[in-house]
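Visitor: Hey, I'm new to this one. Could you walk me through it?

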Amino acid sequence: MLTLSLKPVTPFTHQTAKSPNPPKCCISERGHCFDIGDTFFRHESATGRDLGVLAAAIYKKSHNALRVLDAMCGCGIRSLRYLAEADADFVLANDANEEYGSVITGNLERAGKEYGENKRWVISHSDANRVLTECYLRRDYFDFIDIDSFGSDSSFLRSALGAVKLDGLLYLTSTDGFSSGGHRPQHSLAAYGAYVRPMPYSNEIGLRMLIGGAVREASVLGYHVVPLFSYYSYHGPVFRVMLRVRRGKLPDNRHYSFISYCSRCGNSYANSWDKLNAIGCSCKANVPGSLIVSGPLWTGPLHSAPFLTEMLNLAEQWGWTNNGMGKQLEKLLNQMIGESDPKLPFGYIKLDEVASRAKLNSPPLVTILSTLHKEGYAASRSHIASNAIKTNCLMADCECFLTRIPSCRYMNMDLGTLLLLDVVNASIVCPGKIKLKLKSGKENAVTVDLSR
Ligand SMILES: C[S@@+](CC[C@H](N)C(=O)[O-])C[C@H]1O[C@@H](n2cnc3c(N)ncnc32)[C@H](O)[C@@H]1O
Ligand SMILES: [Zn+2]
């Protein structure tokens, strides 16, 4: 078996030999042609790669330096993009699978073939933990470490924190939807230190579980992490978080706490460590099992709005927001910026859940958002769930506002009930749809049950 040398002069003795016949290009991403051979590659992860490259490029601009460790590089596409797009000074591209060597080499040669002192990239085939630990032991710290791992393997967290520069960035991944869904709490406890139970916003919990795991590991070393963005993608599912590593303990312990969800009234709360004995719900439901508690988890902001705004500006500058794929990236970044409002708590409320609790039809998302804004609440879309909102308005109050939205209030009521309410006149627009004239003078076209 090949091993890494610990000597700083020749750090990667097992570096893959240059491929005599660079593999032919078969795939293209953001204008880069590359080969995937038999490596593990997912087109669907392109947005995750775009986000990583934008963050790396912003880091390079502000620090005038960028050394990247791509710990699980697959075919090397990220490494290629960090070199070509983020202008990385140096990339260490590692993948445990030695058979990927010629594909990675062929792809990285597309970024240039400098040798010796000027070499901008090196390839290694070792366990990520070993590579990270050896970098730490050599004091060879990196500005940006990308760990595109499978499942909930969190064993790299400590070694990555040891190998990253202070103020450097860690790009972490989890693909364990079972743990975030609360289906294996013992497993999430072992991996991320969080006992996770099923909750209605489990995909956001997945991000908070991953950040929480990093918070815990960082605190052991006397560091804390600041999330710059958190991205959920349904394919996989994949949870990705970009964290800035800072010296010093977590400044605000409020953000690492327990989340409770009351299945009876639908309200959620963050519960601090010192109040665990008093966990309850304002609805005072004493129904056994109605309160679901998960944690400890990251309950602070998922993103940094100023950082995301820089990413969006850069994406626009690079022409990444023009076409179909680009529009999606722009929409995603804008949604994340919306989610960054510090007044917004963790979690999201699915509109179908509000409607079903209120026994009304689901309103258009924009309508409920504007109603909540008018009422003085913070509210945004969620990039995680398309028919859900993030808001600091409690579930019971959301239900109440729904009854004030005419399209929810009158939908599917029979005519008799409508006329007893605040409707003065009704005229048929088309089958199943009538126009209502309300006492307020407003008119609303809604679907009513004319058969009753
Ligand atoms: C999700 S794939 C990487 C995909 C790649 N980053 C991309 O964007 O296309 C994960 C890679 O990690 C490698 N891998 C798995 N376990 C590893 C370990 N312990 N150390 C290093 N590499 C590992 C696998 O061979 C696989 O290529
Ligand atoms: Zn309750």
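Predicted model: local features only at pLDDT ≥ 70, side-chain atom pairs only at ≥ 80, totals over all residues.

Visitor: How many helices and strands does the chain have?

Guide: The secondary structure comes to 15 helices and 18 strands.

Visitor: What about contacts: what share join residues at least 24 apart?

Guide: That's 67%, counted among contacts between residues at least 6 apart in sequence.

Visitor: OK, I can see a zinc ion, ligand 2. Which residues are its protein donors?

Guide: Four cysteines, each through its SG atom: Cys262, Cys265, Cys281 and Cys283. They lie 2.2 to 2.3 Å from the zinc ion.

Visitor: What's the geometry of that zinc site?

Guide: Tetrahedral, with angles of 94 to 115° among the 4 donor atoms. For reference, the ideal angle for four tetrahedral donors is 109.5 degrees.

Visitor: How are the donor residues spaced in sequence?

Guide: The pattern is C-x2-C-x15-C-x1-C. Cys262 sits in strand β10 (residues 256-262), while Cys283 is in the loop between β11 (268-271) and β12 (291-298), so this pair ties together parts that are 21 residues apart in sequence.

Visitor: Is Cys262 buried or exposed?

Guide: Cys262 is buried, at a relative accessible area of 1%. Cys283, on the other hand, is partly exposed at 24%.

Visitor: You mentioned β10, β11 and β12. What order do the strands have in their sheet?

Guide: The order is β11-β10-β12, in an open sheet of 3 strands with antiparallel pairing. β11 and β12 stand at the edges with a single partner strand each, so one side of each has no neighbour in the sheet.

Visitor: How much are neighbouring strands turned against each other?

Guide: By 25° on average, if you ignore direction.

Visitor: And how many bridges join β10 to β11?

Guide: There are 4 bridges between these antiparallel strands. If you want a spot to look at, find Tyr261, which stands opposite Ser268 in β11.

Visitor: Which helix lies across β10 and β12?

Guide: That's α8, residues 202-220, and it runs at about 45° to β12.

Visitor: Let's switch to the backbone. Where are there cis peptide bonds?

Guide: One goes from Gly236 to Pro237, with omega near -5°. Pro237 is in the loop between β8 (223-233) and β9 (238-247). Another cis bond goes from Gly295 to Pro296, again with omega near -5°.

Visitor: Which residues other than glycine have a positive phi?

Guide: Among them is Arg30, with phi near 50°. Arg30 lies in the loop between β1 (27-29) and β2 (32-34), and at 24% relative accessibility it counts as partly exposed. Asp167 is another, with a phi of about 75°. Asp167 is found in strand β7, residues 164-174, and is partly exposed too, at 30% relative accessibility.

Visitor: What about Gly182, where is that found?

Guide: Gly182 is in the loop between α6 (177-180) and α7 (185-192). It's buried, with a relative accessible area of 10%.

Visitor: What does Gly182 touch?

Guide: Leaving aside residues up to four places away in sequence, Gly182 touches Val196, Arg197 and Pro198. Gly182 also sits 9.4 Å from Gly206, C-alpha to C-alpha, and those two are 24 residues apart in sequence.

Visitor: Last topic: β4. How many of its residues are buried?

Guide: 5 of the 5, residues 90-94, so strand β4 is largely enclosed by the rest of the structure.

Visitor: Which β4 residues are on which side?

Guide: Phe90, Leu92 and Asn94 are on one side, with Val91 and Ala93 on the other. Both faces are covered. In a regular strand the side chains alternate between the two faces of the sheet.

Visitor: In which sense do β3 and β4 pair?

Guide: Parallel, over 4 bridges, with β3 covering residues 67-70. Val68 is the one to look for there: it stands opposite Val91 in β4.

Note on methods
Residues numbered from 1 in each chain as written. Chains lettered and ligands numbered in written order. Heavy atoms only, no water. Donors = N, O, S within 2.8 Å, 3.2 Å for Na, K, Ca; no water. Tetrahedral: all angles 85-135°; square planar, octahedral: opposite > 155°, others 65-115°. Helix = DSSP H or I, 4+ residues; strand = E, 2+ residues; numbered from the N terminus. Buried < 20%, exposed > 50% of the residue type's maximum accessible area, 1.4 Å probe, protein only. Contact = heavy atoms within 4.5 Å. Pairing = 2+ DSSP bridges. Axes fitted to C-alpha atoms, helices over the stretch in contact; angles between N-to-C directions.
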